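I set out to record, entry by entry, what I looked up in this structure. The entries go from whole chains to single residues.

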Amino acid sequence: MNRQFRPEAVKQMLNRSLSQLDEPTLAKLREARSQALECYQAQHAMNPALAWISAHTGWHSSSHHHKRHFWIAAVLLVACLITGIAYWQQATDNDTSDVDIEILTDDMPIHVYVDQ
Amino acid sequence: MRIRLLQYLAAFAVTMALAPAALAAVKPWATLTPTQKEALSPLAGQWDTLPELQQHRLLGVAKKYPKLTPEQKERVHKRLEAWSKLTPEQRDRAREKYKAFKKVPPDTREQVKEMVRQQEAEKAASGVPAAPAPH
């Protein structure tokens with residue numbers, strides 16, 4: 001009861017136990033590890049976009065705080081992009097110069113096309 | 001690296017959002033280029049009073065002006081003032097009519113044009129203004 005808890009001793013005991021494992025148990029452990037690795041790789045292959053983000057932004061290793069900032073910035077970015085696209089769309093709609101120049105140079109007088 | 005990438009993307013998005021607004025702002029006559037002034041010279045006196053959208057559209061016309069033939073340039077100058085005096089609704093309707101007329105078969109279009117030419121000639125002969133200025 002008075003024995004003191006020593007992490008080193010626990011570690012040594014675990015190592016000793018590991019060396020005493022029989023071959024079938026070790027084989028099962030290897031198999032389980034192999035399956036886990038395959039599953040992990042399959043998950044990453046299924047979502048290349050997330051893999052790209054992880055690779056280029058280091059997002060996978062960020063803290064919760066940084067993740068929140070990331071998402072706020074991402075939402076702002078998307079909002080800005082949508083606004084920008086809407087403006088450009090409007091600007092494109094407003095560009096009537098092709099038709100205007102054709103009307104202004106047409107051999108028919110303008111009043112033919114104008115409701116009086 | 002993550003923050004820098006996001007900063008660049010955010011700056012790009014803000015630029016995209018603000019640039020068209022800047023383009024749509026009113027441009028005083030004094031700030032136009034010599035080429036734009038030459039193209040829009042019939043409107044020099046009233047340019048500063050025109051709405052933003054109309055200025056923006058007329059600048060689009062001015063951009064294409066240098067590529068026109070001398071005859072087309074003269075025609076644009078003759079018509080520009082009357083065109084700018086139309087209401088926005090009249091101009092929109094005229095654009096629609098013009099687009100619709102372009103879809104008419106060429107031979108029918110020629111017949112209509114010939115008819116209009118005859119009417120104009122008759123009006124000119126009878127002393128009626130050939131192309132009444134629309135209001």
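**Entry 1. Ground rules.** I noted that this is a predicted model, in which local features need pLDDT of at least 70, side-chain atom pairs count only at pLDDT 80 or more, and totals for chains, interfaces and linings use all residues. Residues are numbered from 1 along each chain as its sequence is written, chains are lettered from A and ligands numbered from 1 in the order in which they are written, and side-chain values use heavy atoms, with hydrogens and water left out.

**Entry 2. Chain A.** I looked up the secondary structure, taking helices (H or I, at least four residues) and strands (E, at least two) as DSSP runs numbered from the N terminus. Chain A has five helices and zero strands, and its elements read α-α-α-α-α from the N terminus. I then turned to burial, where buried means under 20% relative accessible area, exposed over 50%, and partly exposed in between (1.4 Å probe, protein chains only). Of the 116 residues in chain A, 21% are buried. The chain exposes about 9000 Å², and 61% of this comes from carbon and sulfur atoms; such areas come from the Shrake-Rupley method with a 1.4 Å probe, and for residues only the protein chains shown count as cover.

**Entry 3. Chain B.** I found six helices and zero strands in chain B, in the order α-α-α-α-α-α from the N terminus. Here 30% of the 135 residues are buried. Chain B exposes about 8600 Å², with carbon and sulfur atoms supplying 61%. I also checked contacts, meaning heavy atoms within 4.5 Å. Among contacts in chain B with a separation of 6 or more, 44% join residues 24 or more positions apart.

**Entry 4. Helix H5 of chain A.** Is H5(A) enclosed or open? Seven of its nine residues are buried, so H5(A) is largely enclosed by the rest of the structure. A:Val99, A:Ile101 and A:Leu104 are among the buried ones. The buried residues of H5(A) pack against H3, helix H4 (70-85) and H5 of chain B.

**Entry 5. Two helices crossing.** I recalled that two packed helices are described by the angle between their axes and the distance between the axes. The axes of H5 (residues 97-105) of chain A and H5 (residues 88-102) of chain B come within 10 Å and cross at roughly 80 degrees. Axes are lines fitted to C-alpha atoms, for helices over the stretch in contact, and angles run from 0 to 180 degrees between N-to-C directions. H5(A) and H5(B) are therefore roughly perpendicular (angles of 65 to 115 degrees; under 35 is roughly parallel, over 145 roughly antiparallel, the rest oblique). Where they meet, A:Val99, A:Asp100, A:Glu102 and A:Ile103 face B:Ala94, B:Arg95, B:Tyr98, B:Lys99 and B:Lys102.

Entry 6. B:Arg57 is in helix H3 (residues 52-64) of chain B and counts as buried at 15% relative accessibility. Beyond its neighbours within four places in sequence, B:Arg57 contacts residues including A:Asp93, A:Asp100 and B:Asp92. B:Gln46 lies in the loop between helix H2 (34-39) and H3 of chain B. B:Gln46 is buried at 18% and touches B:Glu81 and B:Ser84, residues up to four places away in sequence not being counted.

**Entry 7. Cysteines.** How many disulfides are there over all chains? The count is zero, taking a disulfide as a pair of cysteine sulfur atoms within 2.5 Å. A:Cys39 is partly exposed at 44%, and A:Cys80 is partly exposed at 22%.
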